[in-house]
Amino acid sequence: MSAIVLKNVRPLGGANVDVLIDNGVIAAIGEDLPVDQAHIVDGKGAVLLPGFVDLHTHLREPGREDAETVETGTAAAARGGFTAVFAMANSTPVADSAAVVEQVWRLGREIGLCDVHPVGAVSVGLRGEQLAELGTMADSAARVRVFSDDGHCVSDALLMRRALEYVKAFDGVIAQHAQEPALTAGADMNEGEVSSQLGLRGWPRVAEESIIARDIMLAEYVDSRLHLCHVSTAGSVELVRQAKARGVKVTAEVTPHHLSLTDELARTYDPAFKVNPPLRTSADVEAVRAGLADGTLDVVGTDHAPHADQDKDCEWGCASFGMLGLQTALSVVVDAMVSTGALDWAGVADRMSIRPAQIGQLTDQGRPIEVGEPANLVLVDPAATWVVDPEELGSKSHNSPFAGHTLPAQVVLTLLRGKMTYSLQEKVAR
Amino acid sequence: MNTHMKAHLLSTTDLDREAALQILDTAEELARVSDMPIKKMPTLRGRTVVNLFFEDSTRTRISFEAAAKRLSADVINFSAKGSSVSKGESLKDTALTLAAMGADAVVIRHSMSGAPHRLAHADWMDAHVINAGDGTHEHPTQALLDAFTLRQHLGDHITASAEGSTGLDGLHVAIVGDVLHSRVARSNVHLLNTLGAKVTVVAPPTLMPLHTDNWPCEGSYSLDEVLPNVDAVMMLRVQHERMDGGFFPSAREYSQRYGLTVQRAATMPDHAIVMHPGPMNRGLEIESRVADSPRSVIVDQVRNGVSVRMAVLYLLLGGSESALGDGAA
Amino acid sequence: MTAVPARPADSFREVLDASDISRALTRIAHEIVERNKGCDHLVLLGIPSRGVPLARRIAAKLSEIDNSHVPVGSIDITMYRDDLRLKPARALAHTEVPPEGIDGRVVILVDDVLFSGRTIRAAMDAVSDLGRPQAIQLATLVDRGHRELPIRADYVGKNLPTAQSEAVHVKLTEIDEQDSVVLGVDAQ
């Protein structure tokens, strides 16, 4: 593998330097590094960050290869600046056994665009009845550490307690999709002023908050690690804040869309805006932004959820929940957090790379930009803007809620262990 | 004089006072057609109106059918019950089919809120869309016929307005029952308010929508407190699935607390009228003798439905395309 | 379309004044009595908007001449127009059939200006949906020519030669606070 020199780049938005990458690691950092025999990329002052890590991706393979495959999903990830993604377990078959998680893990390795870490199901078939073979998945080649029934809530308190306890043996974490099922039966969107006017079944915030409150208490009681997926309400943020103050081992994630969009968009009845948990109100958007800024919410997780056209090009009530996220995540975070001064570039690196890697127990991701560290890097042009065209995204599906939006900041280059997985300027060989 | 209607009728929130009055005034003229020996006008000759019903509603469908036929439109009834949610044809493919058949207007009834909105705005076809009831969202022509009926019966109690046409100014209308799931209530709250009436929605707390700060109406849990002060009471149908849904303990308790009994109706002012969008559950939300009493204008509501729907069809389809609001293209 | 230079409203010239209009209506009334050998079985139907007051005025003159009551009504022809799709949907005017009905009677349609004849064609369709009159006759205050259909008036107040580009405006006190007929070119 030939060496690469990144000229004129600003690690974490700091001073301009050159970065030499050789043998998959950062070989040198300094001014006017020698460029003999190296491939030169002129960063023109772009920001250099550790490659992003997404704790919450749906790759749809196996089962719904018409919506996304590991190949298209990781292509979208690379274009979005990600060097590792955690693939959720709700595939068909469900990733509740060593066989399925190893298959997904191997596909990711063979394709090589982005590390794929399968998330194991908490319960067999995501049915919420019986623990899946968590230990076997942990011991498998895929080394599963994050377990989630995402898409479904582990609503049974006893099953949740057992799961939290069981994963302590291999330092796993349970990622909860907090949604009290009885309170959300048939729910279509946030319960509030807009739902009452539109006549769409409401998904009340208390259905999220009551599970979060319960699970925080369970995690505290059994002294285990709890991760909360896609926190969407002001009340949830407050619950996490209080729990962290008490020292509970809880981490939480927020999606780009909950940082930027509100339930007012449901007025279009366009299923592009149908997602679970639903888009909330502007007060909730303010609260999750504040939570991400002060670290109450640890990470941005995309909840990248591709859906085939026919599952969105229909009535709101028939449509599937979910939105594309991988390729727009950085730009939306910049728009919501950096442009507003709530986060600096180091903060972006922390919430999109360092902390998610820690939560997911990855040792080679989310590392500092220092000599000797693995070259999992992303180069971002902070001044560029781009228009989201769903037809042009890496994903096989087109269900972006940001279609037509002009977004700030553009990924210029993504490196996975020193190898280009995406470049805005150059064609990348696989 | 230009019409004020937009290219579609999806929600009563789309209608300003002028547009709403234009529909009522037009309907009033068209009501005379039903008295004519030949109940037909050539106005929509050569136009095709499709009744696209994903949900059974014989009453609404025949009302639209009669309206379209009295205006000489060709009417195609497309009963698609059950085919959307199940494995049948998608709404999109149905729309493409209707577009290929040259539908000028599609009257749609659908169990899902917003389906008419999707049909109108999803680039699947360019026909005018009339919402004939969508899920728990709206049923605008029902509200229009209710407004028409209120104006017809309560003229003496309406405060005169400066404009040439009469609204519903000064009236107090109670809408009673399952407001949470009622498309009739949603459409009426907005339309009646637009026309100047005061609206009070009455429901048990479990059937009262939350977060209604932006609804132009008042709310009450007590029918008995509201009835002595109303000019009209609109009783909503209690759907059978709500009775099993735990929204209230039993049908008996519901009718004891929220049913319009003879005794309760007697507390209303003498001039006050009783309305119901039908079909009625006699003995549940309304006692049979109240439904058949002189106060009841339920049969007039049905009759007025045809005139109001004729007016809507004429104002949407009767003129040139270019004149029809911003949604026409 | 070529632009028409704007002209002030006073470029219209009056072709009939109040007394001319009154005399014309008197003459029409006399001709109606003569043609129908009295006023029995007549019904006057004015075409909104200005045909309606004209019909009432003619009925008043008929009762002076013949000392008889002639029923007056109005007939809106909007829904029968053949140019509906060329213009925005219009608000409807009032249709009011007198209690006597029109079956077996002589219906006299009354309009202010007879031009292409299309309005009258629509009015005849509208009348036939209301019933079956013995005959339909037509009275108009002004006949300005340029017929596009084989229609002629039975009673004409004033034959007015005009250019196609010109406009004739009838003003009546009931609606316009003055009686006058003017001819000119509408400012665009």
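Visitor: In what order do the 5 strands of the open sheet in chain B stand?

Guide: This is a predicted model. In it, the order is β7-β6-β5-β8-β9 of chain B, and the pairing is parallel.

Visitor: Which strands stand at the edges?

Guide: β7 and β9 (273-275) of chain B do. Each has a single partner strand, so one side of each is left without a neighbour in the sheet. On average, neighbouring strands of this sheet are turned by 20° against each other, direction ignored.

Visitor: How should I read side chains along a strand?

Guide: In a regular strand they alternate between the two faces of the sheet.

Visitor: How many bridges join β5(B) to β6(B)?

Guide: Strand β5 (residues 172-176) and strand β6 (residues 198-202) of chain B run parallel, joined by 5 bridges. B:A174 stands opposite B:T200 in β6(B). Between the two strands the chain passes through helix α6 (residues 183-194) of chain B, and this β-α-β crossover is right-handed.

Visitor: What does B:A174 face in β8(B)?

Guide: B:V233 stands opposite B:A174 there. β5(B) pairs with strand β8 (residues 232-235) of chain B over 4 bridges, in the parallel sense.

Visitor: And which residue of β7(B) is the bridge partner of B:T200?

Guide: B:E218. Strand β7 (residues 218-220) of chain B runs parallel to β6(B), with 3 bridges between them.

Visitor: Where does α6(B) lie on the strands?

Guide: α6(B) lies across β5, β6 and β8 of chain B. Its direction is at about 160° to β6(B).

Visitor: How do I describe two packed helices?

Guide: Use the angle between their axes and the distance between the axes. Here, helix α5 (residues 140-153) of chain B packs on α6(B) at about 50°, with the axes 8 Å apart. That angle makes α5(B) oblique to α6(B). Their crossing is right-handed.

Visitor: Which residues meet?

Guide: From α5(B), B:P140, B:Q142, B:A143, B:L144, B:D146 and B:A147. From α6(B), B:V184, B:S187, B:N188, B:L191 and B:L192. By class, this contact has 7 nonpolar, 3 polar and 1 charged residues.

Visitor: How is the size of an interface given?

Guide: Often as the accessible area lost when the parts come together. For this pair of chains, take the contacts: 23 residues of chain B are in contact with 16 residues of chain A. On the chain B side, α3 (91-100), α4 (115-121) and α6 each supply at least two residues. α4(B) gives the most, with 3 residues. The residues of that side divide into 6 nonpolar, 11 polar and 6 charged.

Notes:
Residues numbered from 1 in each chain as written. Chains lettered and ligands numbered in written order. Predicted model: local features only at pLDDT ≥ 70, side-chain atom pairs only at ≥ 80, totals over all residues. Pairing = 2+ DSSP bridges. Right-handed = clockwise from strand over helix to strand, strands pointing away. Contact = placed C-beta atoms within 7 Å. Nonpolar A, V, L, I, M, F, W, Y, C, P; charged D, E, K, R; others polar. Axes fitted to C-alpha atoms, helices over the stretch in contact; angles between N-to-C directions. Parallel < 35°, antiparallel > 145°, perpendicular 65-115°, else oblique. Left-handed = near helix turned anticlockwise from the far one by under 90°.
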